[in-house]
Amino acid sequence: MQQRNPGGDRQIFIQEVCPRDGLQNEAVFVSTEDKIALINQLSACGFAKIEVTSFTSPKAIPALKDAEEVMKNIRRNPAVEYSVLVPNLRGAERAMACLIDEANLVMSASASHNFTNLRMSREASVEQLSLVINALKGSSAAINLSLSAAFGCPFEGDVAEATVLRLIEHFALREVRGITLCDTTGMAYPSQVASLCRQVKQQFPQLEITLHFHDTRGMALANTLAALGEGINRFDAATGGLGGCPYAPGASGNVCTEDMVHMLTLMGYQTGVNLESLLEISRDLPRLIGHNVPGSLARAGMRSDLHPMPASLEQQFKGCVPAGVQL
């Protein structure tokens, strides 16, 4: 029986965020040399984009205090776009000095989450990021806006689609290249994801749309399928499933890259990612961060990894099937 191919060989762009979104949440400081080596390994795996680091104040995120050194010493693959998080004008100046490919700006769709995370109102964030956009327009860097808590807020609950669309419209008018819809606290569910993706694609066809899921409630891959059904072809993910949100009780990390790539490959989508190489990187992460990672594939192996029957039962099994009979 021929297997269905729902992917239809459709190209999906996987954007790796472990070096920034993953490592910034780790209690152990990963050395600059190890960060550079990790990014160089990821650069050879076939990702469309890698989020390298954050040009936030080292006092705010000490895990990424070596942003300049890392960005200037990675070995760049011309097929990969290298993105960094840029929070403000000072961060933009630092990032531009490192010849970044993309500046990823961040604010929350939720007023309370924005204040908790960034210590300012949404209006203040819009104003600050507008200044950053103006500063970046003189550089070659593309601009992406990530909207945190776009699918739900741990303080307010649901975030209205109209609120998300209004914020996207503001930045679309300022000619950002792309928008990332972030399920920062893992509150998204498939029908909600499908609805918002449909609205965004209809209203802003000129924008590059990325979905960024966390697996806090175990729905990240289901949400990925819902977004695929609405024509989304760009997804953030973190090797090993690293990451999290300090303002989401019980939060787990980002959707695991190798788990996502494994699922998409089985379904016939083309990701360009070398899964075997990625699994080697994932299995080495515990050495860097000092604990196991939540991804499933590194533990269980791929679906195609078959195993021999227990030797004690193999002969009994063969005796159950007549020679020449195919069940």
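**Pocket, strands and salt bridges in the predicted model**

The largest pocket is lined by 33 residues, and those lying nearest its centre are R20, Q24, L85, N117 and L118. The elements that contribute two or more residues to this lining are α1 (18–22), β2, β4, α5 (111–118), α6 (122–136) and β5. In the structure described here, which is a predicted model, the volume of the largest pocket comes to about 800 Å³. R20, one of the residues nearest the pocket centre, also forms a salt bridge with D21, in which the closest N and O atoms are 4.0 Å apart. Both partners fall under the 20% limit for burial: R20 counts as buried because its relative accessibility is 8%, and D21 counts as buried because its relative accessibility is 5%.

Several strands are joined by parallel pairing. Strand β1 (residues 13–16) pairs with strand β8 (residues 234–237) in the parallel sense over four bridges, and within this pairing R234 of β8 is the bridge partner of F13. Strand β1 also pairs with strand β2 (residues 49–54), again in the parallel sense, over two bridges, where I50 of β2 is the bridge partner of E16. Strands β5 and β6 run parallel and are joined by four bridges, with S146 standing opposite T180 in β6.

Six of its six residues are buried, so the strand is largely enclosed by the rest of the structure. In a regular strand, side chains alternate between the two faces of the sheet.

A search of the whole structure finds 13 salt bridges. E68 forms a salt bridge with R94, the closest N and O atoms being separated by 2.6 Å. Because E68 lies in helix α3 (residues 67–73) and R94 in helix α4, this pair ties together parts that are 26 residues apart in sequence. Within the pair, E68 is partly exposed, with a relative accessible area of 23%, whereas R94 is buried, with a relative accessible area of 10%. R90 forms a salt bridge with E93, for which the closest N and O atoms are 3.5 Å apart, and both residues lie in helix α4, three residues apart, or about one turn of the helix. R90 counts as exposed at 53% relative accessibility, while E93 is partly exposed at 47%.

Most residues other than glycine have a negative phi. L99, although not a glycine, has a positive phi of about 55 degrees, and its place is in the loop between α4 (89–96) and β4 (102–108). A149, likewise not a glycine, has a positive phi of about 50 degrees and lies in the loop between β5 (142–148) and α7 (161–172). L99 is exposed, with a relative accessible area of 65%, whereas A149 counts as buried at 0% relative accessibility.

On the surface, M309, L313 and F317 form a nonpolar patch with about 270 Å² of accessible area together. L313 is found in helix α13 (residues 311–320) and counts as partly exposed, its relative accessibility being 41%.

Definitions and conventions: Residues numbered from 1 in each chain as written. Predicted model: local features only at pLDDT ≥ 70, side-chain atom pairs only at ≥ 80, totals over all residues. Heavy atoms only, no water. Patch = residues over 30% accessible without salt bridge, like charges linked within 9 Å, V, L, I, M, F, W, Y side chains within 5 Å. Areas by Shrake-Rupley, 256 points an atom, 1.4 Å probe, with all protein chains shown as cover. Salt bridge = Lys/Arg side-chain N within 4 Å of Asp/Glu carboxyl O. Buried < 20%, exposed > 50% of the residue type's maximum accessible area, 1.4 Å probe, protein only. Pairing = 2+ DSSP bridges. 1 Å grid on protein atoms, 1.4 Å probe; cavity = no way out; pocket = protein on both sides within 12 Å on 5 of 7 lines; lining within 4 Å. Points joined across faces, edges and corners; volume = space filled by probe spheres on them.
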